[in-house]
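Biologist: Please take a close look at one helix and the space beside it. How is that part built?

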Amino acid sequence: MTGERFLYQINGLVDDIIADGDKYEASWDEYPDKEEIITILKNLQKIMFPKHFRNGEHKLHAIRTNIMTLLENVAYNLTEQVAIVLRRAGKVEGEIPDQLMRTAEKIVVEFCKSIPVIRSYVTSDLEAAFAGDPAAADFDEIIFSYPGLYAVMINRIAHELYKLSVPLIPRIMTEYAHSMTGIDIHPGAVIGKSFFIDHGTGVVIGETTVIGDNVKVYQGVTLGAISTKGGQSFKNIKRHPTIGDNVTIYANASILGGNTVIGSGAVIGANAFITSSIPEGARVRMQMPCCQNNS
C-alpha cells in the first residue's frame, strides 16, 4: 500500500510539472536542442583544427573525407535547429512548412560558405596568442588549452549566424563558451583579426562592441554599457565601446558606453574605469595612493 501511495504522489507531481511547462508561449516541441547545438560546435571545432580534433574513426591521411563528413553533419543538423528557431520566432503552428525549411537551408549554406573566413580569423587569433604570450610553448598548447582562443572561436561562429538573423542559437553558443571558459562575449560583438584574450576569466564584451585588429585584453576586462536601466528601450542602440587597432587593455579595466572610443595604439592600465574617449597612442593608468608608514 505504501508503494502505491508513493507512485500516486509521483504521478501527481508529474502532472504539476507538465502543467507548469504549459505556461511558456511555445509548445514543448518548439524549442531547439541545446545538446545538438553543442555537438555542432564540437564538429565545427574539428573542422577548424582537423588534425587536433579529428574523428577517431578517420585516419589522418583521410582528412578530406573527415572534413566532408563533419560538414555534412553540421549542415544537416544546423538546418534542423535553424528551422525550429525560425518557426518559434514566427510563432508558426504545427509541422515546419517547406518554405521555412528552404529558408533555413539558405541560411545554413551562407553560413557554411563563411567557414573558410572564420577559420582564417581564428588562425590569426592563434598566431596573436603565440606572439603575445611567452609562456606558450607552441601552437598546439594554445589550441588544446587556451580558453581565450576557444571562446573567441565560438564567438566568431555565433557571430556569422547572428549576422544572418538567426534567433536564439548564437546566444546558446556563446553562453556555452561562457560556461566553459568564464569569458562572456555577446554574438553581436564585431571583432577584428588577431584578437588575444590572455588568461580570460571574467572578460565581458557586450553586444554592440566593435574591436579592431591586433587587440589584446587581459582577465576581468569589461567592454560594457554605462547603464541598462531603460531595458528594452536601449535595444538596437550602440551601448558598448569601440576599440581601435593595436590596443592593449590590462586586467580588470572597465570601458563603458556606446560613444566611448579607444584610439588605435592606446594602452589601458589595470583597474581603469573609462566612460569617455581616449586618443590614439594614449597611456591610461590608475595611480594608486602610496601607503605611508606612520610607525
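Modeller: Just after α7, S165 takes a positive phi of about 65°. The model is predicted, so local features need pLDDT of at least 70 and side-chain atom pairs 80 or more, while totals for chains, interfaces and linings use all residues. Residues count from 1 along each chain as its sequence is written, and side-chain values use heavy atoms, without hydrogens or water.

Helix α7 covers residues 147-163. Of the 17 residues, 14 are buried, so α7 is largely enclosed by the rest of the structure. Buried means under 20% relative accessible area (1.4 Å probe, protein chains only).

α7 also gives the most to the lining of the second largest pocket: five residues. A pocket is an open set of points on a 1 Å grid, where a 1.4 Å probe fits, with protein on both sides within 12 Å along at least five of seven lines; lining residues have an atom within 4 Å of a point. The lining includes N155, R156, H159, E160 and K163, along with V117, I118 and Y121. α5 (115-132) and β2 (190-191) also give two or more residues each. Six lining residues are nonpolar, two polar and three charged (Asp, Glu, Lys and Arg count as charged; Ala, Val, Leu, Ile, Met, Phe, Trp, Tyr, Cys and Pro as nonpolar; the others as polar).

Y121 has a further contact: K193 lies over its face, 5.3 Å from the ring centre. The rule asks for NZ of Lys or CZ of Arg within 6 Å of the centre and within 35 degrees of the ring normal.

How values were computed
Helix = DSSP H or I, 4+ residues; strand = E, 2+ residues; numbered from the N terminus. Expected span 1.5 Å × (residues − 1). Buried < 20%, exposed > 50% of the residue type's maximum accessible area, 1.4 Å probe, protein only.
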